[in-house]
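These are my notebook entries on one protein chain. I record here what I looked up, entry by entry.

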Amino acid sequence: MEDKTIFEKIIDGEVPSEILYEDAIAIVIRDIDPQAPTHALIVPKKRISRIAEAEEEDAVLLGKLLLAAKKFAKANGLDSFRLVINSGHQAGETVPHLHIHLLAGRPMAWPPG
Ligand code: 5GP
């Protein structure tokens, strides 16, 4: 068994974090190093290391994570927001536990850096 990721420790209550939303499948937390006025992370309770390792059996879970992001945006009055998933080192992944970044509150450039 691999060591727990920081997100599993937060899910298990071993590391404190401000949990903005929680349901049976996911938590939403504020990013510790925010890159926008709103920077939340939607984190599934199931450990999937990264989107590149998701399986067919995760299809419903993946859809629910996107819906959780939408609900979070709506509940917080965010008309405009960006969702980001980094998969792999070169893409910027630093925590090997799938999560969706939700960024909002400032203009966003395209393409991303
Ligand atoms: P990644 O680089 O893997 O796409 O995103 C990982 C994110 O987790 C980063 O934006 C980083 O700031 C955030 N992060 C790392 N450690 C912690 C932590 O202990 N608490 C919270 N809330 N966020 C964290």
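I began with the side chains of β5: I100, L102 and A104 point one way, H101 and L103 point the other way, and all are buried. Buried means under 20% relative accessible area, exposed means over 50%, and partly exposed lies in between, with a 1.4 Å probe and protein chains only. In a regular strand the side chains alternate between the two faces of the sheet. I noted that helices (H or I, at least four residues) and strands (E, at least two) are DSSP runs, numbered from the N terminus.

I then recorded the source of the model. It is predicted, so local features need pLDDT of at least 70 and side-chain atom pairs count only at pLDDT 80 or more, while totals for chains, interfaces and linings use all residues. Residues are numbered from 1 along each chain as its sequence is written, and side-chain values use heavy atoms, with hydrogens and water left out.

Next I looked up the partners of β5. Strand β3 (residues 38-44) runs antiparallel to β5 and is joined to it by five bridges; two strands pair if DSSP finds at least two bridges between them. Here T38 stands opposite A104. Strand β4 (residues 82-84) also pairs with β5 in the antiparallel sense, over three bridges, and R82 has L103 as its bridge partner.

I followed the chain into the segment after β5, where I found G105. G105 counts as exposed because its relative accessibility is 56%. Its C-alpha atom is separated by 9.5 Å from that of D79, 26 residues apart along the chain. P111 is found in the segment after β5 as well, and the peptide bond from W110 to P111 is cis, with omega near 5°.

Which residue forms a salt bridge with E8? I found R47, with the closest N and O atoms 2.9 Å apart. E8 lies in helix α1 (residues 6-11) and R47 in the loop between β3 and α2, so the pair ties together parts 39 residues apart in sequence. A salt bridge is a side-chain nitrogen of Lys or Arg within 4 Å of a carboxyl oxygen of Asp or Glu. By this rule I noted a count of nine. E8 is buried at 13% relative accessibility, whereas R47 is partly exposed at 23%.

E22 meets K45 at 2.8 Å between the closest N and O atoms, and D58 meets K46 at 2.5 Å, N to O. D58 is buried at 3% relative accessibility, while K46 is partly exposed at 36%.
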